[in-house]
Amino acid sequence: MQIAVIGTGYVGLVAGACLAETGNDVVCADIDPDKIALLEGGGIPIYEPGLQSLVERNLRSGRLRFTTDIPEAVRASSVIFIAVGTPPDEDGSADLRHVIEAARTIGASMDGERIVITKSTVPVGTAAKVRDAIEAETDHTVHVCSNPEFLKEGAAVDDFMKPDRVVLGVDSEYAADVLRDLYAPFVMQGNQILIMDIASAEITKYAANAMLATRISFMNSISGLCERTGADVNMVRRGIGSDERIGHAFLYPGVGYGGSCFPKDVKALIRTMDELGADSSILKAVDDLNDHQKRSLLRALVTRLGEDMSEMTIAAWGLAFKPNTDDMREAPSLVTIEGLLERGARVVAHDPEAMAEAGRRFGDRVELCEDDYAALEGANALVIHTEWNPYRRPDFDRMKAAMAEPLVFDGRNLYDPARMAERGFEYHSVGRVTVEVG
Ligand SMILES: NC(=O)c1ccc[n+]([C@@H]2O[C@H](COP(=O)([O-])OP(=O)(O)OC[C@H]3O[C@@H](n4cnc5c(N)ncnc54)[C@H](O)[C@@H]3O)[C@@H](O)[C@H]2O)c1
């Protein structure tokens, strides 16, 4: 099949490479000439496990190519995915500017019948707007479908190649047949293709992210109760997760959810529900709780060390919003570090993959250390934002020797509080009692 993917970010690049891997001819198009030049030269603009070799292999085979010429990509393809960004507007709603612009370009460039699929996360009713934007530019037949993407950054290639399910919102049998055929190689192990109406598909994506965000905020809320009562949130988590109606996934308390999806999608869903008169009170609470939780490490640091941090060095381990990605969009680390800088602290940070991104965001306001232990040198405290594997089993003696004070604020519950006390650390974590040096 000849496929165009418009928008070559996390979703578009992964989707394009995976669709090429299953034998399609794919052109990935983007308006960003630097990104396309990098990709054409074999570079990858993001860190995503397995993506580099996938892109290289399919570039070499000629099944994958990159372009800034979007009209040419549209003419060369029978199926066109829109995977451009849908950032939050000022009022929290999804900004559809890029989606509609892509739709207009598609309409103006079509030279025959096309299937156009919105893969970007878009509010219910957007497919109709996409259709209108295309049809305003062309008399050719267009089939507009919704195919929301559920991949997780950090495991995006695996998720795309072996999705839990593929959701297809369609309004024609023809489009359903073509897309079922396109996705057949990805569901060989019995995972489902769910064909539904377009509105249901559009809502499914937001409902999935909102449910996951709700589980996180729920556990963060329970962790606040645990901290006040001497209970251990890990025990509570296991106690409820073993109920098969609840399950264990996404019950980890922490420093709040970040990333390019949950925060903006929860806010956008609230806006849509409010506009349509549906009750959004659960999601407003989820969103508020998350804002509160994202400031929790900063609050704990200020309570312990005081407002004036001008004489202090704080080490930060983990900057990305989660492990296995360099993505720092809406990362909790940004909230803590900005708060520390405002209070005059010197911040020295390490992340296995997000150093370049951190450099772009902080400039020289934060010292970035290639070595995690070097970042601890002379630190009055260590704050942990991301559960990268190398942080899970560090050399605690080396840590203690490097730090000015053995004080750890862990937003991811990586260590056992009792063991930390034995090792001589004052250890603050989430939903568990703070253990003083034993
Ligand atoms: N990142 C994720 O984990 C994830 C997962 C599922 C769904 N989504 C959704 O997928 C969509 C894309 O997300 P992303 O993280 O890949 O975004 P991104 O910001 O990484 O990439 C978007 C790309 O679109 C390009 N673009 C913008 N306007 C364009 C236009 N008119 N024509 C061509 N290219 C254009 C940008 O230059 C950019 O390269 C969003 O709606 C997002 O909510 C993201």
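Trainee: Which residues come nearest to the ligand?

Mentor: In this predicted model, 27 residues lie around the ligand, and Asp30, Lys35, Thr86, Glu153 and Lys264 come nearest.

Trainee: How do the residues of that shell divide into nonpolar, polar and charged?

Mentor: The shell around the ligand holds 9 nonpolar, 9 polar and 9 charged residues.

Trainee: Which helices each supply at least two residues of the shell?

Mentor: Two entries apply here: α1 (10-21) and α5 (97-109).

Trainee: Which backbone atoms lie by an oxygen atom of the ligand?

Mentor: A polar contact is a pair of N or O atoms within 3.5 Å. For Tyr10, a backbone N or O atom is 3.0 Å from a ligand oxygen. A polar backbone atom of Val11 lies 2.8 Å from an oxygen atom of the ligand, and for Thr121 the corresponding distance is 2.9 Å. As for cover, the ligand taken alone exposes 830 Å², of which the protein buries 90%.

Trainee: Now to another residue. Where is Ser429 found, and is Ser429 buried or exposed?

Mentor: Ser429 is in the segment after β14 (426-428). A residue counts as buried under 20% relative accessible area. Ser429 has 11%, so Ser429 is buried.

Trainee: What does Ser429 touch, and with which side chain does the side chain of Ser429 make a polar contact?

Mentor: Leaving aside residues up to four places away in sequence, Ser429 touches Glu227, Asp410, Asn413 and Pro417. The side chain of Ser429 also makes a polar contact with the side chain of Arg432, at 3.1 Å.

Conventions: Residues numbered from 1 in each chain as written. Predicted model: local features only at pLDDT ≥ 70, side-chain atom pairs only at ≥ 80, totals over all residues. Heavy atoms only, no water. Near = heavy atom within 4 Å. Polar contact = N/O pair within 3.5 Å; in protein donor to acceptor, adjacent residues only side chain to side chain. Areas by Shrake-Rupley, 256 points an atom, 1.4 Å probe, with all protein chains shown as cover. Helix = DSSP H or I, 4+ residues; strand = E, 2+ residues; numbered from the N terminus. Nonpolar A, V, L, I, M, F, W, Y, C, P; charged D, E, K, R; others polar. Buried < 20%, exposed > 50% of the residue type's maximum accessible area, 1.4 Å probe, protein only. Contact = heavy atoms within 4.5 Å.
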